[in-house]
Amino acid sequence: MTSNIHSTVDHEPTARSQSAVGSDPLGQDACANASQTTVNDVAAKIEVRDLDFHYGAVRALSNVSIQIPPRRVTALIGPSGCGKSTFLRSINRMNDLIDDTRLEGTILVDQQDIYAPGTDVVELRKQVGMVFQKSNPFPKSIFDNVAYGPRVAGTRHRPALNEIVERSLAQAALWDEVKDRLDESALKLSGGQQQRLCIARALATNPDVLLMDEPASALDPASTARIEDLIFELKEHFTIVIVTHNMQQAARVSDLTAFFFNGELLETGVTADMFTAPKTQKTADYINGRFG
Ligand SMILES: Nc1ncnc2c1ncn2[C@@H]1O[C@H](COP(=O)(O)OP(=O)(O)OP(=O)(O)O)[C@@H](O)[C@H]1O
């Protein structure tokens, strides 16, 4: 099935809905904001064509095609095991690390085929950063966690590292909380702070795409709200693709939504439209919590 999402850049992203969790089960307040994102022809940041993915004999993705626009948040939703994480990991070739897998189809980032022979996968992962469900800081200082990627990439000059670390922590909305204890262990931070540190670590290599696999699912409501606010701020500069099981979160943070089911991309569109008028009964049933 082929699905294209385009969103206009005529409109700046609108202010995020402050609707409380629980009071707006379909997130329609939030969707109302996103409805200013309209269909238009904008060059896709990520274009996926006819993607199939197998783990051994198990087909995890079937014929997935989608265009993901720049500087927007695209949410991937769908029941457990439908292929969301597999799809996400295909975008920066993290699936390459798993044995006995097979990918067919094409993924373009900035119109470059990321599976073309000769692709520098290390460079790709710098451009397309990833944040995981469970924060995974290294057992190192806060500074060293953020400086890790730039150091691996060859930056050794301390003033340059200082600048990258400050910028990345500020972008991840963590600088003010940690600026006086950069030499302390990252493991002393709270769960929410650790997740923002992992976002800072991803930002330190200067990516323009951020892949987030359920980045707030292990966090308390206050930390979740901070991450959602952060996502909203980051989309001004970054293309964000986020997997979430939380429909209200998808409605609050995303401009566009892609609904996966059994490895297929069943429906894509502007989040506001999908949450208020889903095109398939399966989508309606899923976003209304009838299964999943
Ligand atoms: N490393 C792996 N090896 C073998 N099969 C895998 C592997 N990872 C995922 N799968 C299988 O691929 C299919 C899609 O899994 P995937 O994790 O992409 O789904 P998901 O929608 O992200 O699920 P969830 O919401 O539960 O995280 C499932 O059948 C899963 O069992």
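Two strands pair here if DSSP finds at least two bridges between them. Helices (H or I, at least four residues) and strands (E, at least two) are DSSP runs, numbered from the N terminus.

This is a predicted model, where local features need pLDDT of at least 70, side-chain atom pairs count only at pLDDT 80 or more, and totals for chains, interfaces and linings use all residues. Numbering starts from 1 along each chain as its sequence is written.

Let's start with the hairpin. β1 and β2 run antiparallel and are joined by seven bridges. F53 has L61 in β2 as its bridge partner. Two residues sit between the strands, and G56 in that turn has a positive phi of about 55°.

| Element | Residues |
|---|---|
| β1 | 46-55 |
| β2 | 58-68 |
| α2 | 84-90 |

Now the ligand. Counting residues whose C-beta atom, placed from the backbone, lies within 6 Å of it, the shell includes Y55, V58, K84 and I98. β2 and α2 each supply at least two shell residues, and α2 gives the most, with three. By class, there are five nonpolar, six polar and one charged residues; Ala, Val, Leu, Ile, Met, Phe, Trp, Tyr, Cys and Pro count as nonpolar, Asp, Glu, Lys and Arg as charged, and the others, Gly among them, as polar.

Zooming out, the protein has 11 helices and 10 strands. Of its 292 residues, 43% count as buried, meaning 20 or more other C-beta atoms, placed from the backbone, lie within 10 Å of the residue's own. Over residues 46-287, the chain is 37% helix and 26% strand, with the end C-alpha atoms 25 Å apart.

Terms used
A residue is buried if 20 or more other C-beta atoms lie within 10 Å of its own, exposed if 12 or fewer, and partly exposed in between; C-beta atoms are placed from the backbone.
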